[in-house]
Structure formats: C-alpha cells, structure tokens
Amino acid sequence: MRLALEKGFFFPSSEIYSGPAGFWEYGPLGVGFRNKFVEVWRRELLRKDGMLEIDGSQIMTKDVFRASGHLDSFTDPIVKCKKCGSIFRADRLVSEKTGTLVTEGSSEKELDDLIEKHLIRCSKCGADFGGTKKFNLMMSVEIGGDKEEAYLRSETCQSIFVDFLRIFKVMRCKLPVAIAQFGKSFRNEISPRQSMIRLREFYQCEIEIFFNPNQSDVFQKYDGISKNRLRVCLDGKKSQNMSCSELLKKGILPSQMIAYYLVLLQSFYEKTGLDMTRARFRLLSDAERAFYSSFAFDFEVETSMGWTELVACNYRTDYDLVRHGQTSGREHSVMDGEAQVVPHIFELSMGVDRSIWAILEHSLTKHEERDVLELKPYLAPIQIGVFPLVNRDGMEEKAAEVLSKIRKDFNAFYDRSGSIGRRYRRADEIGVPKCLTIDTETLANDTVTIRDRDSMKQSRVHLDELRGILNTTFLFPD
Ligand SMILES: [Zn+2]
C-alpha cells in the first residue's frame, strides 16, 4: 500500500477533500499496469477462444434490474445502532465478534438470534441494535428533466444479456458463443474497507458463455485439456491438484465445457505472475452461491488480507435470458441446428482491481538491499529506464537521444538524479525490467550498458542492436 501510494499506482479518490470510502483512482503506473493486465486477458481468453467483446453503458434503465432480480434481492443485511445511529453489516459484525463464518445467505432472523445470543452491541457506543434489515446495494441515478429512474449497473454482464439477441444475429453466431466485456460496475457497499478489495466503483472483466444445455456433454475444445490439472478446494480448507477428467468423473465439474473454461482462466492467471501455489478454485456451498447460480467455483488467492475471491465462476442456468425475455416481452431464444433454445450461461466474472492488488502483492519481493517488484516484463507499466551516468560531458544529450529513439515503441523514463545505484533501486521498486546507462564509452562507440532487474547483471550492447534485444525482452511468451 505504501508503494502504491508513493509511486502512483493508486490512491483514494477526492483525496484533498477526504472523499467517501470505496472510491480509488489509478495513477500513471496503475493505469499502465491495468491496461496491460486487460490486454493479457484479451489475448489469453478472448482471442484464444474467439470470444466477442462489447462495451456497454454504465447507466441502465430500471427494467434491466427489475428483470435481473437485483432490485429485490441484491441486498446486504445491516443493523443500526439505536443510540448513535452507526450502521454495520450484520453478517460481518457477527463473524468478527464470534469468530465463526456467517454465510451470505443467512436470514435476518438467524442474524438477530446470533446478535442476541452473543450479546453483540454497537462497537462505537455500546448500545443495542434495532433488528437486522436488508439494504439494497444498487446505486440509483435520475435521467433528464423528468428524472426517469435508472441505475448504475452492479455488474457488467447485464449489458451482455440485454444485447445478446442483437449480437447473436448481427455477428452471425452459433452456440456456444462467448461474449465479454471490460468496464465499470457500482455497488453501494456498507462501510467498504480493504482498499482495492471492496470498492463502490470498480472494474470487471466478465465473460458470458451462452450454450445449448442439451448439448453441453461433449465439448470439442476439451480434448486438448482433459489431462490439465486444476487446483481445487472442495471442503473450504485443503487445496489439491486434480485433473479435469477426474473432476468430471467424480461429478465435481458438471461439464467438459466448464472444465475447459476453468483451465483457460487458470492459465491466464499463471501468465500474470500470480503465485499459483497461493491460488485455488473453491467450490461454493449451496448457501454461499448467488441467488441465480446453480453451481459455482470462486477463483481465490491468498494475500495479506486473507483468501480473496478474484473470479466468480457461475453456472447461471437460463435465469438471465428467461427473466429478460419475460420482462421485455421478447423471447430470448435462438436456433441451434433444428432446435429453438433459450441458451444457458456459464460466466467468468473477474474483479480487475483486486486482481491487480493481488499480482502487485505477490510480485513485491524484499531483498537485503532492495525491494523489487518482479512483474512479468510484458506487464511492467514502465519498461525501460534511461540514465546518464553523470550529468556532464554530453552524456545527458546522448541519453535524451537514446530515450527519444526507444520511446516510440516502449514506455521509457528518464532519471538523472542521485547515484546510479539509487536510480537502479528506484526502478526496481516499480518493476522496470531493463535500465540503460549512458557513459563515456557510449560517447566514444555508441554502446550502452543494459542492466537486468532480476539478475542485476549488466552487459554492453551497441545502439543498433538495442531495438532487437528490447523487442525480445517484452515479447509475450507462447
Ligand atoms: Zn452506537
């Protein structure tokens, strides 16, 4: 967090006015890193699988969320102190005070009973609470002069569902088809904490796979991945590696298609530099699943804030398309071969901000003399540092010349202050993979020192070879 704040990865929104919690800004390094993260998502999931990408609007009409069930069911249980008026999330309060996990599906009555049984009182003033109530997390807005009621979307996937019929037709799709979106969503969280983990305004990368439920048993792309192993956690405690064929045989995964997409997701995260020994697919219990979901794994990672969900992998059944069909009066079915079907949906719903947090945390390595952000070169927001050894004898001019040459293709920065050792350490801390030093030899024979972040090894290369070397360094691996 210190690094993120001091180096401009991210910081609180409206900071000079102490703005409300749960809103964060990405600074220059954060934007650079996030853009690259999303580009790897596009590469490893969207392009690899031939998915379609859309970009929907963030404000959507009330009917969307009436149909989706969010206006009725997208709630958190809250309690309000009778004396000082402080509001707490009831389930979290009970979990913290009793040390036992309270599932998201607990009823108001169950929570009231637990609060009574454990004599839980207001943490601020010690007074009693009124009963547990449901608080809706949707953020509303008013549109135009007559103030039409609308909402900021609480998940990007709703645009995908309501656009489905058009996309299917104009893109001449066949089932199964996957439609994806990167964009912002909004949730009116009660007392958001944990910085980038629980936000009121946040980025999602969502993928919705539409398929014919009668033909999901055999999935062609599965052939290549049946032996791949997924790291799963079935009892909420132990993690184990199991092959897809084993998971299917034991009935833990419902279909070959779902196995394939979980493998695709896992291999994407491997390429982001996340420590996969601290990641797992956790099977959710009936009580934990979202109200529309019939089967769900959470892809989770362990960070300093405990195990955190990065991706919800939900089998949403035909819930969404049936509901939007009923509410809009337009049946959401399509032809699959000879049959007219309402597609079922499997989704990979990824939290981008928390993924970025987890990757940064897993990448930050403390060495004796230096902190190194060991980002994959293709994810580094700043790729190259350019340093004149000393600020005289024409080295600065030469460094400026080198910088302007590589800037067209690479994100490079210039640093002339402090000893060369200090400059290397500053670059290490923000994950710059390569640093170039311009010295007297550069002036004499057009060679520069190129220093590697991880090995700290230095070698001398001619300026004519530089572009080729840097291209190889930042190439995405196959
Ligand atoms: Zn109170």
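Axes here are lines fitted to C-alpha atoms, for helices over the stretch in contact, and angles between N-to-C directions run from 0 to 180 degrees. The model is predicted: local features need pLDDT of at least 70, side-chain atom pairs count only at pLDDT 80 or more, and totals for chains, interfaces and linings use all residues. Residue numbers start from 1 along each chain as its sequence is written.

**View 1. Packing of helices α7 and α10.** Helix α7 (residues 157-170) packs against helix α10 (residues 319-328) at about 70 degrees, the axes being 10 Å apart. Helices (H or I, at least four residues) and strands (E, at least two) are DSSP runs numbered from the N terminus. The two helices are therefore roughly perpendicular (65 to 115 degrees). F161, V162 and F164 of α7 meet D320, L321 and H324 of α10; contact requires C-beta atoms, placed from the backbone, within 7 Å.

**View 2. Surroundings of Y261.** Y261 belongs to helix α9 (residues 256-271). Y261 counts as buried because 23 C-beta neighbours lie inside 10 Å (buried: 20 or more other C-beta atoms within 10 Å). Leaving out residues up to four places away in sequence, Y261 touches I209, F346 and L348.

**View 3. The nine-stranded sheet.** The open sheet has mixed pairing and the order β3-β10-β11-β19-β16-β15-β14-β12-β13; strands pair if DSSP finds at least two bridges between them. β3 (52-54) and β13 (239-243) are at the edges with a single partner strand each, so one side of each lacks a neighbour in the sheet.

**View 4. Strands β11 and β19.** β11 (residues 201-211) and β19 (residues 344-351) run antiparallel, joined by eight bridges. F211 has H344 of β19 as its bridge partner.

Methods. Parallel < 35°, antiparallel > 145°, perpendicular 65-115°, else oblique. Contact = placed C-beta atoms within 7 Å. Buried ≥ 20, exposed ≤ 12 C-beta atoms within 10 Å, placed from the backbone.
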